[in-house]
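Reader: I would like to go through this model step by step, with each answer showing how it is reached. Could you set out the terms as they are needed?

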Protein chains: 2
Amino acid sequence: MVTSVPTTPGTGPKRPTIRDVASVAGVSYATVSRVLNGREWVSPEALKAVQDAIARTGYRANPHARSLATGRSDSVAFLLTEPQHLLFEDPNFSVLLRGVAQALSDRELTLILMIAASNRERRRALAYLGGRHVDGVLLVSPHSGDPLLDQLVRAGIPIVACGRVLGHEQHISSVAADDRGGARAAVEHLIAAGRRRIATITGPQDTSGGVDRLQGYVEVLTAHGLTVDPSLVVHGDWSRESGSAAMRTLLHQAPDLDAVFAASDAMGAGSLPVLRAAGRVVPDDVRVVGFDDSGLAATLDPPLTTVRQPLDRISEEMVRLLLDVIAGRTPVSVTVPTTVVVRGSSPA
Amino acid sequence: MVTSVPTTPGTGPKRPTIRDVASVAGVSYATVSRVLNGREWVSPEALKAVQDAIARTGYRANPHARSLATGRSDSVAFLLTEPQHLLFEDPNFSVLLRGVAQALSDRELTLILMIAASNRERRRALAYLGGRHVDGVLLVSPHSGDPLLDQLVRAGIPIVACGRVLGHEQHISSVAADDRGGARAAVEHLIAAGRRRIATITGPQDTSGGVDRLQGYVEVLTAHGLTVDPSLVVHGDWSRESGSAAMRTLLHQAPDLDAVFAASDAMGAGSLPVLRAAGRVVPDDVRVVGFDDSGLAATLDPPLTTVRQPLDRISEEMVRLLLDVIAGRTPVSVTVPTTVVVRGSSPA
DNA sequence: CTGAAAGCGCTTACAG
DNA sequence: CTGAAAGCGCTTACAG
């Protein structure tokens, strides 16, 4: 004897609930819940009856009811605080986003995308995350001193950042490429090619990537007995446009430069047309090396020699770490290795 | 006399609930709920008392409880079914995503990003969306015949697509650029420049954009008394790589071509190096016109003349339409105008 | 204009 | 191994 239940799953206002499943299976709904959650202490017969009933009724758990009861949301926010234009011109973000989406999907977690560029969006992001819509936050390219970070930390929300969060190393777990090592390898590559007037276009100095890549540059020059000429160091903001502007400044204040280490591929891309317009041939007159290798570098003319960061590893580690933090483990920093990828802008 | 409540919002396991607010305000919790939802029939005094109590307690509504009670999730999925590589090389997707994120944020709706590229992801997407986690789905670049579409339609999930869904025009609302008109304008531009052997690299013929842009091309040639030479028509899949492959084919089967209309900027971008390698100068020997103008076109060498589709309008309309569909209104198709943007690859 | 009560659909100790 | 019961934190008619 079987209770009749709605047969068209997903259609109409009446979806089967755990009670419908229980009555079809002839067990209590507590037992259904146990089966649903893969808990112990369910007899084989009950298991089978419930599984059949689930299939017959087309039952699907109501996620909101579950979240209300458990206090978990099984979702994670991907919080992007960079100005929006970077999302488009720098494949880094897309690749990271794709990797994270995959890693979350593998764990049956939902990815909630939040872009917090405008003040309005930042306010909303804080309210949303503070309201515990999500179990944790993946933070992309955080800038130290950003008030939003303090607020999130103070609200006790589990966070993992891509790149160390300067000033919050103790509170926020992070995953980063070996920025210093990668920068060192890049500059060593230029030195090995005989270049001595090596300029650098840095990233923002309130990000660990910006700071560490500059430090790698400084270390190698120093190690080779070269002085670090301030006129060879210009700051950018990761963007292509800032790379162009920086290149113009460099050509002006250090016209004898023979190589450029750009702390991002986008900035390297921005430098190329400026060099060409100035009549400098890449790589003959000026070698250019970038950083990232997320997809842009290979499409440039000439293709850009760069430092590859393993974004797939980084996104996977970020998700793994976030689950640790949510589980209550203490913050840690993970560093993943980089490799130099040699292309036309600075051949072997 | 005021009940003591936890004072550190977001910290610790105990967050204030609607009951805490009610007791602080000295009203029933039904009244608090009314205030929260901006409903009528709340006295000014009660309103003020509740607002104060909310501020004092640091109360934030539990979204899951609300969703359970209302049946709404106040979230929308952005479902990407294209192979992943397009997400990175074609700024179209990023720009659309950004616009949608903005439009949803303005309405206090949450954006859930789902990438359904692999079979595993597609299964999970269906289960997730069928489980009514979200109120509706924004579908990007749907291909007709995709079984996932049928399943979503059959599950009765509110959907709005970017581009008409061939075969589902009656069931799925959509927003599209004026693909046919844009293509016509592009080809007219080439004709006006005196070109007569105009090739086209089409988009996939199971997408409305692919079909309509080809039709615009055909219409203009026909209108000018030109025969549509099959050797001038090659199909691509929107990607840069497919543009390169198509260009190679075209140069082989129609070496006398003097212009190319690529149905996407990415495919146009793919054609440029192939033309250069073949010794054809753009635009002198071969003019090239793309479609999209989402950011890639302007960075190419030479910068690509293209048909601009207003992605900001499109994303805004998609969200507006989806809310209509969720509210029960019948599906409609919206078309937004395009404009030709003239650049170096086919100057005025 | 306001409150008491039922209900949304689950999970989780707690007894058996 | 299983069931009855309480509870998660809201919203929404329904009476007043």
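Author: Helices, here runs of at least four residues, and strands, runs of at least two, are taken from DSSP and numbered from the N terminus. The model is a predicted one.

Reader: How do the residues of the surface near DNA strand D divide by class?

Author: A residue belongs to this surface if its C-beta atom lies within 6 Å of the strand. Sorted by class, the residues near DNA strand D are 15 nonpolar, eight polar and one charged.

Reader: Which element supplies the largest share of the surface near DNA strand C?

Author: DNA strand C is surrounded by 24 residues, of which A:Ile18, A:Ser33, A:Ala65, A:Ala69 and B:Ser43 are the closest. Two or more residues come from each of helix H2 (29-36) and helix H4 (63-70) of chain A, and likewise from helix H2 (29-36) and H4 of chain B. By class the surface near DNA strand C divides into 15 nonpolar, eight polar and one charged. Its largest share, five residues, comes from H4(A).

Reader: Which element of chain B gives the largest share of the side that touches chain A?

Author: In the interface, 34 residues of chain B are in contact with 34 residues of chain A. On the chain B side, two or more residues come from each of helix H4 (63-70), helix H5 (84-89), helix H6 (91-106), strand E2 (110-115) and helix H7 (119-130). That side of chain B divides into 14 nonpolar, 14 polar and six charged residues. The largest share, six residues, is given by H6(B).

Reader: Within chain A, how is H2(A) oriented to H3(A), parallel or perpendicular?

Author: The axes of H2(A) and helix H3 (residues 44-57) of chain A come within 10 Å and cross at roughly 85°. Angles of 65 to 115 degrees count as roughly perpendicular, so H2(A) is placed, relative to H3(A), as roughly perpendicular.

Reader: Which residues make the contact of H2(A) with H3(A), and how do they divide by class?

Author: From H2(A) the contact is made by A:Thr31, A:Val32 and A:Val35, and from H3(A) by A:Ala46, A:Leu47, A:Val50 and A:Gln51. By class, the residues of this contact are five nonpolar, two polar and no charged.

Reader: Why is chain A described as more spread out than a compact globule?

Author: Chain A holds 13 helices and twelve strands, and its C-alpha trace spans about 90 × 40 × 35 Å along its principal axes. For 348 residues the globule rule gives 20 Å, and chain A is more spread out than a compact globule because its radius of gyration is well over that value, at 26 Å.

Reader: What share of the residues in chain A is buried?

Author: A residue counts as buried if 20 or more other C-beta atoms lie within 10 Å of its own. Among the 348 residues in chain A, the buried share is 51%.

Reader: Is A:Thr70 buried or exposed?

Author: A:Thr70 lies in helix H4 of chain A, and its C-alpha atom is separated by 34 Å from that of A:Ser144, 74 residues apart along the chain. The cut-off for an exposed residue is 12 or fewer neighbours. Since A:Thr70 has 11 C-beta neighbours inside 10 Å, it counts as exposed.

Reader: Where is the cis peptide bond that joins B:Asp301, and what is its omega?

Author: Most peptide bonds are trans. In chain B, however, the bond between B:Asp301 and B:Pro302 is cis, and B:Pro302 lies in the loop between strand E9 (287-289) and strand E10 (306-308) of chain B. The omega of this bond is about 0°.

Reader: Is B:Asp292, with its positive phi, buried or exposed?

Author: B:Asp292 is not a glycine, yet its phi is positive, about 135°. B:Asp292 lies in the loop between E9 and E10 of chain B. With 29 C-beta neighbours inside 10 Å, B:Asp292 counts as buried.

Definitions and conventions:
Residues numbered from 1 in each chain as written. Chains lettered and ligands numbered in written order. Predicted model: local features only at pLDDT ≥ 70, side-chain atom pairs only at ≥ 80, totals over all residues. Contact = placed C-beta atoms within 7 Å. Nonpolar A, V, L, I, M, F, W, Y, C, P; charged D, E, K, R; others polar. Axes fitted to C-alpha atoms, helices over the stretch in contact; angles between N-to-C directions. Parallel < 35°, antiparallel > 145°, perpendicular 65-115°, else oblique. Rg over C-alpha atoms; globule rule 2.2 N^0.38 Å.
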